Amino acid sequence: IINSLLGGSIMAIASSLHLYLQGKIIGMSGVIFHCFTKSNFRYNFSFLCGMLFISSFIKCFFDPLSKQKELNSPTYLETTSKFVGDLSLPGFILAGFLVGFGSKMANGCTSGHGVCGLPRLSKRSIAAISLFMIFGITTATIRFYIPFLRPNSYAYNVWENSFIYYLVLTSSFVGFVINLLKSKKSGEKDSVRDVLISFIIGIMFSYGLIQSGMLQRHVVIEFLTIGKIWNIQLAFVLGSAVGINFFTFHIILKRIGKPKYKENFDLPTNTVIDNKLCVGSAIFGVGWGLSGICPGPAILACYLYCPQIISFFFSLSCGMFIESVLDKKIAESINKSRFISKINRFSKFQDSS
């Protein structure tokens with residue numbers, strides 16, 4: 001519980017600092033998508049470098065000590081056999097696609113809608129998180145009592161090489177430095193400062209994720225499963241993160257009223273709980289309940305537990321890309337659905353905040 005409260009608090013501090021300094025909320029799915037589409041690339045790439053730097057730093061310098069005891073630290077990482085032991089490779093691929101497709105369709109995941117949306121009392125985020133939980137709990141619970149997508153005897157054939165961990169550590173830092181130098185060379189106003197802030201916030205937020213236990217997928221699965229294995233740990237993570245941000249966001253947005261280094265806040269402007277949000281959130285929830293992995297942990301562990309997690313991350317990226325290409329057609333199809341329209345008429349309301 002202490003680790004959960006600490007991890008959630010660190011995430012809250014990071015996201016509040018990000019809002020205060022840059023006027024932005026933290027959305028892990030957005031970071032991934034913007035890197036691929038090269039939208040505000042330097043800023044998002046630096047955030048990504050910060051995430052991978054802290055993850056690989058912990059893996060290189062802390063995990064080996066626990067391996068000597070044949071038990072990974074409960075604060076940070078799961079053992080390989082536990083991480084991959086109950087879900088097949090096709091299961092990881094399917095879950096990754098659903099998480100990527102759903103988060104893009106819902107314009108956010110557990111970080112954007114949860115850690116940063118709930119404190120602002122965004123009704124879109126409240127609806128999204130509610131659906132994340134409903135479909136995540138349903139999927140995880142069904143799978144607990146009726147197991148499916150179980151791994152075969154080759155499930156534990158995971159590629160592990162300490163060279164990869166040190167390569168990621170070095171590459172993430174070198175990538176950040178190169179990005180910093182390019183920003184300085186570009187001559188763009190405040191570009192170097194923004195890249196540096198992004199890297200530091202990426203480290204802070206990601207350390208909060210790691211400390212809270214979010215990289216231990218079974219902690220998430222157990223939280224989403226109604227039954228004897230239920231684990232309350234993540235409730236303390238979300239509670240501490242949202243609770244702190246509720247006050248800090250209010251102070252920043254209402255009393256301070258302006259970011260320190262930007263002219264205006266860059267916050268989501270869509271206030272309608274529409275069909276896309278609801279369906280996308282449901283799809284995300286199924287993928288989350290199946291795997292216990294959301295975009296943030298997927299980034300942090302993308303070089304671990306291979307080929308399972310790299311397949312998950314690749315599939316997640318494909319899901320985002322496909323949804324972005326078919327976005328308009330998907331919206332039109334959903335709006336034509338009679339069933340979705342009935343649900344929408346029952347639940348539709350606007351965020352007046």
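**Aromatic rings and the nonpolar core**

The charged end of R143 lies over the ring of F148, 5.9 Å from the ring centre; a charge sits over a ring if NZ of Lys or CZ of Arg is within 6 Å of the ring centre and within 35 degrees of the ring normal. K24 is placed over the face of Y43, at 5.4 Å from the centre of that ring. The model is predicted: local features need pLDDT of at least 70, side-chain atom pairs count only at pLDDT 80 or more, and totals for chains, interfaces and linings use all residues. Residues are numbered from 1 along each chain as its sequence is written, and side-chain values use heavy atoms, with hydrogens and water left out.

Rings of Phe, Tyr and Trp (its six-membered ring) pair if their centres lie within 6.5 Å, with planes under 30 degrees apart counted as stacked, over 60 as edge-to-face and the rest as tilted. The count by this rule is 16 aromatic pairs. In one of them, F173 and F176 are tilted, with 6.4 Å between centres and 50 degrees between planes. Ring pairs also join F53, F57, F61, Y166, F173, F176 and F199 into a cluster.

A nonpolar core is a set of buried (under 20% relative accessible area) Ala, Val, Leu, Ile, Met, Phe, Trp, Tyr and Cys residues joined through side-chain atoms within 4.5 Å. The largest such core has 76 residues, of which M28, F47, F205, I309 and F312 touch the most other members. Leaving aside neighbours within four places in sequence, F312 is in contact (heavy atoms within 4.5 Å) with residues including F92, V99 and I293.

Key: Buried < 20%, exposed > 50% of the residue type's maximum accessible area, 1.4 Å probe, protein only.
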